[in-house]
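Hi everyone, thanks for coming. Please have a look at the sequence and the model on the screen, and then we will walk through a few parts of it together.

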Amino acid sequence: MSSNQHFVVIGGGLGAAKLAEALRANDFDGLVTVLAAEEELPYERPPLSKQHLAGTQQLPDFTVDQGSWYRDHHIDLQLGTTATAFDPRAHTVTLPDGSTLGYDKLALATGSRPRTLPVPGADAPNVYTLRTIGDSDVLAEVLREDRQLVIIGAGWIGLEVAAQARARNVEVTVLEAAELPLVGVLGPEMGAFYADVHRAHGVDLRTGTKVDAIRTDDGVATGVQLGDGTVIPAQAVLVAVGAQPNIEGAVAAGLAVDGGVLVDEALRTSDPDVVAVGDIAEQQHPVLGRRVRVEHWATALNQPAVAALTMLGKPATYDRLPYFFSDQYDIGMEYTGYVGRGDDVRVVVRGDLSEREFVAFWLDADNRVRAGMNVNVWDVTDRIKQLILSGEQVDPDRLADPDTPL
């Protein structure tokens, strides 16, 4: 492509950084502008609820590229700059000062933001969410002081923070609306496993709860009031009730959206000159045969290589299976594959739940493996992938037998 082309990336996280890398790696010599809302160089987010809270990693450890890399590769990285709108017809992006940038191709990597709780007291200064390095810094400070922490939401973020808090002997209560933690993602068996793990580590995990209000005194949160009138004392509250994809700009621009921005197998949106990656991309997945939107690190890491080729007019397909990982206490986990919330599946466990060392498989009605999760068992992800991609029927009894090779 000729050097007079201008590609613009809206977003400043891992996906945006990887897009800039991939464009240069594919010899695009035109102008690349990255509009990053945060003031920091693009960084990875998993450590925010893991190593950074634990104090074992600082921002430079999980910054994607140093500032010198952007300069050396002539990337116009504009930090602290939120694109306010874009116009696919005019091929322009509007900046905060009202000025516009013209583009030939546009990439949306706008990520997501924490969902908020529409209850009284949710805006108190000691009610927190976790999304940015600033959030993680504040939370790390909270955990350093001996406090009563109430976490609303037993998803990945809530549980990972609970584990870090218990490591510091902070009193932790976790409130979850569903009957089990992670039940929407992992189903009842594995939700029950994680419930047991946290209770064994002293977390007061309360499921099937409704939060009516955050009680305040002089504007500061002092407790969380449940639907049954119970008030749980709190010196700090973390709201971890999921993420909201940042798709408002795409909606305003007239792109096709559903839960996220709809993209095809090549990550192209309904406008041929616009691609989308990461948390916002709701992709028609060629292997899974369905639309999926996966809000995990691996998506932001791996989709940009395909999106860059699409921007460059080269054929490309994003066909990787969804993958994510979590660390809680001494339990490391990796999950590969995809199971929708309403899918008819059953879980087969290989290994010992009580020993906290096993692989769980999700099988459909035809005994085909749809997903696998290894807990404190390593170097099996590739074999799990092979089982899913083969599409072959398996014998559940042999699958559950640790002596039968995967």
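So, what covers the buried residues of α4? The cover includes α2 (51-54), β9 (127-128), β10 (148-152), α5 (156-167) and β16 (236-239). Buried here means under 20% relative accessible area, with exposed over 50% and partly exposed in between, using a 1.4 Å probe and protein chains only. Helices (H or I, at least four residues) and strands (E, at least two) are DSSP runs, numbered from the N terminus.

Before going on, a word on where this comes from. This is a predicted model, where local features need pLDDT of at least 70 and side-chain atom pairs count only at pLDDT 80 or more, while totals for chains, interfaces and linings use all residues. Residues are numbered from 1 along each chain as its sequence is written, and side-chain values use heavy atoms, leaving out hydrogens and water.

Back to α4, residues 133-144. Its buried residues are Ile-133, Ser-136, Leu-139, Ala-140, Val-142 and Leu-143. An α-helix has 3.6 residues a turn, so residues three or four places apart point the same way. From first C-alpha to last, the twelve residues of α4 reach 17 Å, close to the 16 Å expected; the expected span is 1.5 Å times one less than the number of residues.

Now compare α6, residues 183-200. After the helix comes Gly-202, with a positive phi near 90 degrees.

Tyr-194 brings us to the aromatics. It forms an edge-to-face pair with Trp-156, 5.9 Å centre to centre and 90 degrees between the planes. Rings of Phe, Tyr and Trp (its six-membered ring) pair if their centres lie within 6.5 Å; planes under 30 degrees apart are stacked, over 60 edge-to-face, and the rest tilted. Trp-156 sits in α5 and Tyr-194 in α6, so the pair ties together parts that are 38 residues apart in sequence. Trp-156 is buried at 14% relative accessibility, and Tyr-194 is buried at 1%. Both belong to one aromatic cluster, together with Phe-193, Phe-324, Tyr-335, Phe-358 and Trp-362.

Next, the nonpolar cores: sets of buried Ala, Val, Leu, Ile, Met, Phe, Trp, Tyr and Cys residues joined through side-chain atoms within 4.5 Å. The largest has 52 residues, and Ile-10 and Leu-108 are among those with the most contacts inside it. Helix α1 (residues 14-25) gives the most to this core, with seven residues. A second, separate core of 46 residues includes Leu-53 and Ala-371. Ile-10 lies in strand β1 (residues 6-10) and is buried at 8%. Its contacts (heavy atoms within 4.5 Å) beyond four places in sequence include Leu-35, Phe-86 and Leu-108.

Let me finish with a polar spot. Ser-112, in strand β8 (residues 112-114), is buried at 5% relative accessibility. Which side chain does Ser-112 join through a polar contact of 2.6 Å? That of Asp-279. A polar contact is a pair of N or O atoms within 3.5 Å; within protein, one must be able to donate a hydrogen and the other to accept it, and residues adjacent in sequence count only if both atoms are side-chain atoms.
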